[in-house]
Number of protein chains: 4
Amino acid sequence: MILVFKAGSTREQVTHAEERLREIGLEPHTLLGVERTVIAAVGDERVTTAEELASIPGVEKVLPILAPYKLASRELIPTPTTFTIGGDSEVKPCATRVTFGGTFIPVVAGPCSVEGRSQLLEVAHAVKEAGASALRAGAFKPRTSPYQFQGLAEEGLEYLAEAREATGLPIITEVLTPTDVPLVAKYADCLQIGTRNMQNFLLLRACGQVKNPVLLKRGMSATLEEYLLAAEYVLTGGNKRVMLCERGIRTFENYVRNTFALAAIPALKEKTHLPILADPSHGTGVRSFVPAMTRASVACGADGILIEVHPNPEKALTDGAQTLSIKEFEKLMKECRAIAQAIGRTM
Amino acid sequence: MILVFKAGSTREQVTHAEERLREIGLEPHTLLGVERTVIAAVGDERVTTAEELASIPGVEKVLPILAPYKLASRELIPTPTTFTIGGDSEVKPCATRVTFGGTFIPVVAGPCSVEGRSQLLEVAHAVKEAGASALRAGAFKPRTSPYQFQGLAEEGLEYLAEAREATGLPIITEVLTPTDVPLVAKYADCLQIGTRNMQNFLLLRACGQVKNPVLLKRGMSATLEEYLLAAEYVLTGGNKRVMLCERGIRTFENYVRNTFALAAIPALKEKTHLPILADPSHGTGVRSFVPAMTRASVACGADGILIEVHPNPEKALTDGAQTLSIKEFEKLMKECRAIAQAIGRTM
Amino acid sequence: MILVFKAGSTREQVTHAEERLREIGLEPHTLLGVERTVIAAVGDERVTTAEELASIPGVEKVLPILAPYKLASRELIPTPTTFTIGGDSEVKPCATRVTFGGTFIPVVAGPCSVEGRSQLLEVAHAVKEAGASALRAGAFKPRTSPYQFQGLAEEGLEYLAEAREATGLPIITEVLTPTDVPLVAKYADCLQIGTRNMQNFLLLRACGQVKNPVLLKRGMSATLEEYLLAAEYVLTGGNKRVMLCERGIRTFENYVRNTFALAAIPALKEKTHLPILADPSHGTGVRSFVPAMTRASVACGADGILIEVHPNPEKALTDGAQTLSIKEFEKLMKECRAIAQAIGRTM
Amino acid sequence: MILVFKAGSTREQVTHAEERLREIGLEPHTLLGVERTVIAAVGDERVTTAEELASIPGVEKVLPILAPYKLASRELIPTPTTFTIGGDSEVKPCATRVTFGGTFIPVVAGPCSVEGRSQLLEVAHAVKEAGASALRAGAFKPRTSPYQFQGLAEEGLEYLAEAREATGLPIITEVLTPTDVPLVAKYADCLQIGTRNMQNFLLLRACGQVKNPVLLKRGMSATLEEYLLAAEYVLTGGNKRVMLCERGIRTFENYVRNTFALAAIPALKEKTHLPILADPSHGTGVRSFVPAMTRASVACGADGILIEVHPNPEKALTDGAQTLSIKEFEKLMKECRAIAQAIGRTM
């Protein structure tokens, strides 16, 4: 940490700060500048936070030196993490294994919600045929209004399991609360933690306790530091298979549901070894922008794509406005494969 | 809902849309303008969402007419709701009742976290003496990093109950997850749902099932519509004692932890009958701005104030940078009383 | 400046950085921490910028110590600046002098645009009677669309001068471009630089060359540092009579035209000695929120209020939605006087 | 326009609104819904604004149907506009013509500022060799601080003209104020209006009067509607050669200088026929993110790329942190060509 003192701060204040730093385990190096006194506090600064040190009398601001996360950082693990999803336990016998974090860019496609058995099977077969590597659909739905469709719950999980058996595609589905983790973990090849739960710390901890890989979506107003600290909650539980996903942030823009902050992809790749996916469906919220932004996601280095596909988007119970039809999805897969090839990857 | 068609949309598309609207229970009134066709869909538009209708072929945009919440709205209940906190069950015998939503503006003060028995008792007595009406402190803490202090859990709740007995102040404390609701409800006079949980819909539902009043803080990137829909989750469970709290939003501003969006107070008062509080501690994140913004909160009509106070902010385990000392709090209470009086209220 | 090196940066990189710093006139103090090397560069860091130093190989981030503005800072001038507007040259004989920055809180009221002679005279007399200290109205209007009313230009300035003669109120009006500065300066007691021109640096410089005081409004997405650097452009020209005005920022909020960031008022008061005003009309954009937010502005320490008033807001050519009627303004003045008194000021 | 009335609005209020609409030239169609009265106002709604109608008593909100811009819209000109830059007057004899808006994606490269003759010539030759189609560099620099390098002014323009002669590359350079337009127009093949001047309406008008094409960058907090209205200012002056450029917006994100809102590219392409460029240098502000985001820009359909290149970014007087070296630029050009090919375009 760097502590910058206010102009006119006293010798006593500086001495007091030095003592306080030693108390919490940091070694102060004090520099008397012309306009400001500065203390560089050397040591593992994760014992404290900038906010806490900001309360020391005379301190104007505190500048952290180190990132507050460890297990997620490139410094601990300098090379990208690669792991597989699917087929790794007896209850999920049919799934094909899919590797995330490598040269191949898996596409995770499906409807926003599991609406019924036949809808799900139809879309599962269709996305598989078009080249998707995994199936996504929600059985537990976090809905903005209590008057909206809230998902089929366990019935939805059963349809997902059936779709996996029928197609071999591993399934990724959202879990909303710690007590549902064992249930969803029994069915799903990968647990999704949604944007509204990125800082549901008890859910993060619960997902750190299971064996299933975790897809942790970025909170819609999360900084990258907060995001990686959320991943750290899962990682500290012992679950090392965490992947991240840029899905749009909240800004003043009003022609999209979210502003798709794609620079987060190269930025996260510098900071962390975890695979980074992109979700252009939520990232824009507008169907006609999804193809362009999926291509952009591949071009800027996403390690996987999450995308909403429905046999009849107009009648989708949720998120129809951002969902591709099967035909649109097939066309997009072809375009994206060409881009993947152009950057030396496959899809 | 108003459906606006793209320029050049066909008669078939309009007819199809009319049929689709009737299917979901809305009566279409079609207007052929010079540049655009518009359908006004009359009926209870809460049967659908703008996003769903946006998928109808030919539709350029969908404009909702009605707010999607009901129980929280001024239209259902035109006059402000008033309710009391404290003293309403056998387990909480000592608390003094405090009324929220009336002319009197209660102040809910205390440390960010329960750090120990003596710390809590000291601050409880001090804030009571300075004029606070209720005590706030966290036993379960949602922390950005897994390496930070996470709260004393049930031990903290016990200290809170003891502080209530000692001072008569009702206690407000946060609950993080549905399964903790019964435990926290046993100790607390009022359950707080924090900003990170504003869209934890299962927690909202769980809080709708208990008898304790609920303080629901605004999510840090929530629109007012999303906020009132979150309140609607609690209200639809049958719990009518919900109060709201502006606590700062996430913007580009970097001299504050959050941008304190005080216009939300008059805006919410137009839309809802629920009491609206203000939290200038989180609303700014900077101790030296708290007094000015507390005065502003009172002046613009807040029905209550949440404020962080600690005997020694420099050593607070959490949020020290935004916490007032007891002396600062006493001074502020005096200033605020004068402002309350100037606008015909009391504190 | 503090330069933080990447983990694994080499001794050569650090040496190179030390040389580079000396080249530009800063003295490097290098600290070898366990996880990071840090250089504290001592000296007047305004010779460079954090962005420039960030390009030195091996540097991870650069943390500035000092604010980049000087003349606007509290460090140069520790006590608040007070100055008068009005009556200070032969061309403006009738205006009453008004002091900004003192205990008295002047109100600057008037219509958004000068629409005609009689409209302006009517509102000028009315706001004077209600207690306003100065008259504001635009003759040159920056309008979002080329199809909207663009202002009466010099004809409007003449009506403003006539209104000043009739009422004695000094006038504040916007100037849009450097070549108009002499013209507007001939008529106006104070030049307004609008939010869209906060970083029109040539206009800022031109306003630094005249004798008239300047009201510089905050840009709608400006940080406080950018804002104070904009003021610095005027101040470095020799014009010391600059006042600032919080007028709302652009965020995700959609129930207001802008988010009124009132904490900027105590924050600016810590950083600068210049008077800080508040504009609740633009700050919210919604008439029904203006009274509450004006009261809040007074309560949190604004040194003056800018407010839009029109005899018939429904027929105002510009900004009708946020404009008070004369009756509403009179009522608000009374409320604000009571709040001013409660905090030991007058209005 | 759609006018939605408050619940409980009176028959008189509706009648008054109908009259007011007829007065301003719109035909009201009134619908009495169960919960709300709605008036659809048919006609050219550009005669008014939603803000103005919002002041009619009883009106709760006003929803516009049509976009407020005309000349920029796809409705007026349904197919993409293509135009050339360079070689179109006697003063600019050497430039090669470059077409914007077609299948070929031109790259406009160069240093942030013209720093001197040799620097500019070096980079001009280098970017040409690597495949750039035009040269960009600033002679007039809008700088946040008055203490920073402000550009070489006309001397810089002369070096630019010399670089054009030497390489044949057309030049694009910024103009800051209306009175400089004739001067810059004498030297430049294309005038750039920077992000801080997007709503400098007099500058927009002045650029509408010249023959040179105009590159209008998006304001850093501009909505797309405001952006297209800014273009409309130039277009209404008679200058039809306007191109747009996404260059990042201001949000809460702190790991970038701006959030690169790439979905603006497909969104603008739906709304306007004008060519849409992308500026990944300013769009991120971080050199290491520029290659990924340039690839993404090409993949999502940008009609041109603006990019900062400098022989020695570490010593650049401005914007070094986001500037590529010549070697980095050459590598990037190759990657982008492959992506352009993958989507059926060339570079």
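This is a predicted model: local features need pLDDT of at least 70, side-chain atom pairs count only at pLDDT 80 or more; totals for chains, interfaces and linings use all residues.
**Entry 1. Positive phi**

I began with backbone angles. Most residues other than glycine have a negative phi. I found A:A153 with a phi near 55°, a positive value in a residue that is not glycine. I placed A:A153 in the loop between strand 8 (134-136) and helix 4 (154-167) of chain A. Its relative accessible area is 29%, so I noted A:A153 as partly exposed.

I then looked at C:D319, which has a positive phi of about 60° and is not a glycine either. C:D319 sits in the loop between strand 14 (305-308) and helix 11 (326-342) of chain C. Is C:D319 buried or exposed? I read 14% relative accessibility for C:D319, which counts as buried.

**Entry 2. Chains C and D**

The same surface serves both copies, as 98% of the contact residues of chain D recur in chain C.

Next I took the contact itself. Chain D gives 50 residues to the contact and chain C gives 49. About 4100 Å² is buried between the two chains, and carbon and sulfur atoms give 51% of that area. I counted six salt bridges between chain D and chain C. In one between these chains, the side chains of C:R250 and D:E226 meet at 2.6 Å, N to O. Between chain D and chain C I also have 25 residue pairs in polar contact.

Which helices of chain D each supply at least two residues to the side that touches chain C? I listed helix 1 (11-23), helix 2 (50-53), helix 6 (201-208) and helix 7 (224-236). The largest share of that side, five residues, comes from helix 7 of chain D. By class, the side of chain D that touches chain C has 20 nonpolar, 15 polar and 15 charged residues.

**Entry 3. D:F201**

I stayed with chain D and picked D:F201, in helix 6. D:F201 is at 7% relative accessibility and counts as buried. Leaving aside neighbours within four places in sequence, I found D:F201 in contact with C:P142, C:R143, C:T144, C:R196 and D:Y233. I also checked D:F201 against D:C190, 11 residues apart along the chain, and their C-alpha atoms are separated by 18 Å.

**Entry 4. Helix 8 of chain D**

I noted the buried residues of helix 8 (residues 264-271) of chain D: D:A264, D:I265, D:P266, D:A267 and D:L268. What do they pack against? I found helix 10 (290-299) of chain A, together with helix 7, strand 12 (242-246) and strand 13 (276-278) of chain D.

**Entry 5. C:E246**

I looked up C:E246 in strand 12 (residues 242-246) of chain C. C:E246 is at 0% relative accessibility and counts as buried. Its side chain is joined to that of C:R218 by a polar contact of 2.7 Å. Not counting residues up to four places away in sequence, C:E246 touches others too, including C:T259, C:F260, C:L277 and C:D279.

**Entry 6. Salt bridges**

I searched the whole structure and found 72 salt bridges over all chains. In one of them the side chains of A:K315 and B:E23 meet at 3.9 Å, N to O. This pair crosses between chains, from the loop between strand 14 (305-308) and helix 11 (326-342) of chain A to helix 1 (residues 11-23) of chain B. A:K315 is partly exposed at 42%, and B:E23 is exposed at 54%.

In chain C, C:E335 bridges to C:K331, with the closest N and O atoms 3.1 Å apart. The two are four residues apart in helix 11 of chain C, so about one helical turn separates them.

In chain D, the side chains of D:E308 and D:R136 meet in a salt bridge at 3.8 Å, N to O. D:E308 lies in strand 14 and D:R136 in strand 8, so the pair ties together parts 172 residues apart in sequence. I noted both D:E308 and D:R136 as buried. Last, I found A:R20, A:E23, B:E314 and B:K315 joined into one network by salt bridges that share partners.

Conventions: Residues are numbered from 1 along each chain as its sequence is written. Chains are lettered from A and ligands numbered from 1 in the order in which they are written. Side-chain values use heavy atoms; hydrogens and water are left out. Contact means heavy atoms within 4.5 Å. Buried area is the accessible area (1.4 Å probe) that two parts lose on being put together, summed over both. A salt bridge is a side-chain nitrogen of Lys or Arg within 4 Å of a carboxyl oxygen of Asp or Glu. A polar contact is a pair of N or O atoms within 3.5 Å; within protein, one must be able to donate a hydrogen and the other to accept it, and residues adjacent in sequence count only if both atoms are side-chain atoms. Ala, Val, Leu, Ile, Met, Phe, Trp, Tyr, Cys and Pro count as nonpolar, Asp, Glu, Lys and Arg as charged, and the others, Gly among them, as polar. Buried means under 20% relative accessible area, exposed over 50%, partly exposed in between (1.4 Å probe, protein chains only).
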